[in-house]
Amino acid sequence: MEENKHVTIYDIAKKLNLATSTISRALQDHHTISDKTIKKVKKTAEEMGFVPNTLAAGLRGNKTKTIGVLIPTVTQPFLSSLISGIEIAAQKSGYTVIIMQSHDSSEEEVNMAKSLYSNRVSGVICSLAMETRDTSHFLQFSNNNIPLVFVDRVPKDFNTFRVVIDNYSAGYKATKHLIEQGCLRIAHLTAGSEFGNLYNERRRGYIEALKDHNLPVDEELIVNLKSVTYEDGVKASNKLFDLKPVPDGIFAAGDIIAVSAVQTAKKRGIKVPDDVAVIGFNNDPISQIIDPTLSTITHPAEKMGKAAAEIIIKNLKSSKNDEVKEITFLNTEVLTRESSNRR
């Protein structure tokens, strides 16, 4: 049995008795080729089952029309929605997407960044790993004019594009909401102030809201988790519920942490929201499934993904090399549900 053979532009050229350069230009709608020839070439290519080798073309031109996406994990709802937004914008402009996971490991992030660079991606979108402190491994992109966009988890000092929400404002809104529900002793479950801007800013918003409403800032009520997981959320929640008196409000920096607080409270006979009102962050699908349903802060993940991809594509098409990097702030809002609704 004859082995399947990939159709090439040489095969099309032979069939139509045209130069391979003419076939190549026709397939790219080049202005030097007549519309009649372009139609004939494309029709023949389709009939013969020709598939363009975009990787080989990219390697020849040092471009692959591929956007590399480096994220902690694909399992978090926020990040899967982010990827969806990236893919929508990328596909619309004829770009493909490579997704790599760091699993919140700085070592893995370094390796994945090297892999993306060696695959000659056209641009990179990254949400930093939890462990990452040194971001020098991203210099290989910025030093070689490969557009780089950080999303959500962004470094403090790196001169490149960023797509973020106003985490300070979001933290302030969440805490203010609990105060408006009558909470006076409000705890904050966070991922640790040592990590980047994201959790720092949510914590700062929480503190400022307390101060603006003449409520004390009690460091005992601020618990730093090692990782944003359900298990660590349970440990942190138990720590809070062991306090005397227990907090009457909890602002968790992620929905999975808030869910762990709600379920831990119920197991200990603490009523939600009557004894403790809880609000999370992200509006993950689980927030509408849990009983009681979880109040949360919206986090426009898909829009952020689209914005990040559009920045990459716009930068690739532009001949300008702007010194000032674009920062996109996207608004958030409080979604009030049963876990905090006392009024």
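This is a predicted model: local features need pLDDT of at least 70, side-chain atom pairs count only at pLDDT 80 or more; totals for chains, interfaces and linings use all residues.
Student: How many aromatic pairs does a search of the whole structure find?

Tutor: Five. One of them joins Phe 138 and Phe 141, with ring centres 6.5 Å apart and planes at 40 degrees, so that pair is tilted.

Student: Why tilted?

Tutor: Planes under 30 degrees apart would count as stacked, and over 60 as edge-to-face. The planes of Phe 138 and Phe 141 are at 40 degrees, so the label is tilted.

Student: Are those two buried or exposed?

Tutor: Phe 138 and Phe 141 are both buried. For Phe 138 the relative accessibility is 0%.

Student: What about Phe 138 and Phe 150, how do their rings sit?

Tutor: Their centres are 5.0 Å apart and the planes stand at 80 degrees, so this pair is edge-to-face. Phe 150 is buried too, with a relative accessible area of 0%.

Student: Which parts does that pair tie together?

Tutor: Phe 138 is in the loop between strand E3 (123-126) and helix H7 (139-142). Phe 150 is in strand E4 (residues 148-151). The pair therefore links parts 12 residues apart in sequence.

Student: Switching to charges. What lies over the face of Tyr 95?

Tutor: Lys 65, at 4.7 Å from the ring centre. There is also Arg 202, whose charged end sits over the ring of Phe 281, 3.6 Å from the centre.

Student: Now the sheet. What's the order of the six strands?

Tutor: E2-E1-E3-E4-E5-E11. The sheet is open and the pairing is parallel.

Student: Which strands stand at the edges?

Tutor: Strand E2 (96-101) and strand E11 (327-330). Each has a single partner strand, so one side of each has no neighbour in the sheet.

Student: How many degrees are neighbouring strands turned against each other on average?

Tutor: 15 degrees, with direction ignored.

Student: How many bridges join E1 to E2?

Tutor: Six bridges, between strands that run parallel. E1 covers residues 66-71. Ile 71 stands opposite Gln 101 in E2.

Student: Last topic, helices. How do the axes of H1 and H2 cross?

Tutor: At roughly 110 degrees, and the axes come within 9 Å. That makes helix H1 roughly perpendicular to H2. H1 is residues 9-16 and H2 is residues 20-27.

Student: Which residues meet there?

Tutor: From H1, Ile 9, Tyr 10, Ile 12, Ala 13 and Leu 16. They meet Thr 20, Ile 23, Ser 24 and Leu 27 in H2.

Definitions and conventions:
Residues are numbered from 1 along each chain as its sequence is written. Side-chain values use heavy atoms; hydrogens and water are left out. Rings of Phe, Tyr and Trp (its six-membered ring) pair if their centres lie within 6.5 Å; planes under 30 degrees apart count as stacked, over 60 as edge-to-face and the rest as tilted. Buried means under 20% relative accessible area, exposed over 50%, partly exposed in between (1.4 Å probe, protein chains only). Helices (H or I, at least four residues) and strands (E, at least two) are DSSP runs, numbered from the N terminus. A charge sits over a ring if NZ of Lys or CZ of Arg is within 6 Å of the ring centre and within 35 degrees of the ring normal. Two strands pair if DSSP finds at least two bridges between them. Axes are lines fitted to C-alpha atoms, for helices over the stretch in contact, and angles run from 0 to 180 degrees between N-to-C directions. Angles under 35 degrees count as roughly parallel, over 145 as roughly antiparallel, 65 to 115 as roughly perpendicular and the rest as oblique. Contact means heavy atoms within 4.5 Å.
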